[in-house]
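Trainee: I would like to learn how to read a structure like this one. Please take me through a few features in turn.

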Amino acid sequence: MDYGRRTLADRLAAEYVLGTLRGPARRRFERLLPAHRALQEAVARWEGRLGRLAEPVAPAEPTPELWWRIEARLFPSPSVVPWWRRVTAWQTATFASAVVGLVFGVLLLREPAVPPPIIVVLAEQPNAAQAGLRAAGFVASLAGDGKQLVIRPLDQAQTRLVNRAFELWAVPPSGAPRSLGVLAEGGTTTLITPAFLRDAAALAVSVEPPGGSPTGVPTGPVVAVGALRS
Amino acid sequence: MARIKLGDRTAFEQFYRATAAHLLGVILRIEPDRARAEDVLQEVYVNVWRAAESYDASLSQPMTWLTRIARNRAIDELRRERGEPVTAQRADLTAGDEEAEDDGLDRMPSDAAGPLALLEEAFDRAAVTVCMGELAARSRQCLALAYYDGLSHGEIASHLNAPLGSVKSWIRRALGTLKNCLERVAPGLR
């Protein structure tokens, strides 16, 4: 079947969302979906049209055990720790020794009255490989006066994207991440830091379309994360 | 959703608390067996956590995305346990069904909840009600049986005691009418 044909794609998407596309046709459709943008868009449009039909359905409270079962399956270890707090002691220690020299060097060049900069290492996440990156670690330095942030990849040669861009995010203790800006290609980026960075718990780098996320929140994989302590 | 994509478990739990009851309601319509419905719900959230990366905020609202995953899972579950088609006790479908306003979605956190977005959402919701009203009774009934109860073409035909071909064309006509009407009334819904 030629799924590229618009009307057919639209009809199949409609029956798929409605639930009447069944059997081999349904399985074939689900297989094709991840690779076909046109199909995804048609499905999304039909979700928008039909999705509201679900609103009047009476809610039913699940048994409390259900959440525990989900938790047990997804997070076998008992602790529920946000990911930025998982960037913990040993990693900090490892990186700290590595950056002490750098901090010291920077300190020597600075006026003694200005507080030292905060160095943040953004550790590579498992998503980096999926995004086709061979390396995705970053190091960021937040100026002592808090006005500027300088960030560069740890490995400039390997941390490269084609037709996509890295975007830096400030992650608050609660609420959605906020964009700090798109990073320059393959080098050092200097960003003027907005006030909300003061409250941020972590910095994160995601992969976005050129020019940055079209929605204002990360849309692509998060490839590097670093905890901020002020 | 943005925080769940970043792997934030607390955000995921909040998301579960805010959406699970509504979703279980949707699943129970299709899979009336409570234990099996909760199994489906469990699968849905395990999948959501694992597939959060594939959620595309530019394409769909979190709730419509989640509802689709849940309905698909429920339909898959029915398909799996085929052999004993569940048509015994179907809820009565009165014309008033679509108008019932107990939705709970108003209390749902939204990724884009500015006042303008809320206004547009209220407008879109009204548009769907208007457009459902434009459908012929038969078409509307077919749509409801397929959407709420997860019935296939064949099951709808035997439920309504109507020829399979008619059911297929009623549904196709219903979808076409709904689409044209929404494009006319609420271009924002695309």
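Trainee: How are helix 6 of chain B and helix 8 of chain B oriented to each other?

Mentor: Two packed helices are described by the angle between their axes and the distance between the axes. Axes are lines fitted to C-alpha atoms, for helices over the stretch in contact, with angles from 0 to 180 degrees between N-to-C directions. Helices (H or I, at least four residues) and strands (E, at least two) are DSSP runs, numbered from the N terminus. Here the axes of helix 6 (residues 137–149) of chain B and helix 8 (residues 164–185) of chain B come within 8 Å and cross at roughly 95°. The two helices are therefore roughly perpendicular (angles under 35 degrees count as roughly parallel, over 145 as roughly antiparallel, 65 to 115 as roughly perpendicular and the rest as oblique).

Mentor: This is a predicted model: local features need pLDDT of at least 70 and side-chain atom pairs count only at pLDDT 80 or more, while totals for chains, interfaces and linings use all residues. Residues are numbered from 1 along each chain as its sequence is written, with chains lettered from A and ligands numbered from 1 in the order in which they are written.

Trainee: Which residues in helix 6 of chain B meet helix 8 of chain B?

Mentor: Two residues are in contact if their C-beta atoms, placed from the backbone, lie within 7 Å. Helix 6 of chain B brings Arg138(B), Ser139(B), Arg140(B), Cys142(B), Leu143(B) and Ala146(B), and among their partners in helix 8 of chain B are Trp170(B) and Ile171(B). By class, this contact has seven nonpolar, one polar and three charged residues (Ala, Val, Leu, Ile, Met, Phe, Trp, Tyr, Cys and Pro count as nonpolar, Asp, Glu, Lys and Arg as charged, and the others, Gly among them, as polar).

Trainee: How many residues does each chain give to the contact between the chains?

Mentor: Chain B gives 57 residues and chain A gives 48. Helix 2 of chain B gives the most to the side of chain B that touches chain A, with 11 residues.

Trainee: What does chain A contain?

Mentor: Chain A has seven helices and eight strands. Of its 230 residues, 35% count as buried.

Notes:
Buried ≥ 20, exposed ≤ 12 C-beta atoms within 10 Å, placed from the backbone.
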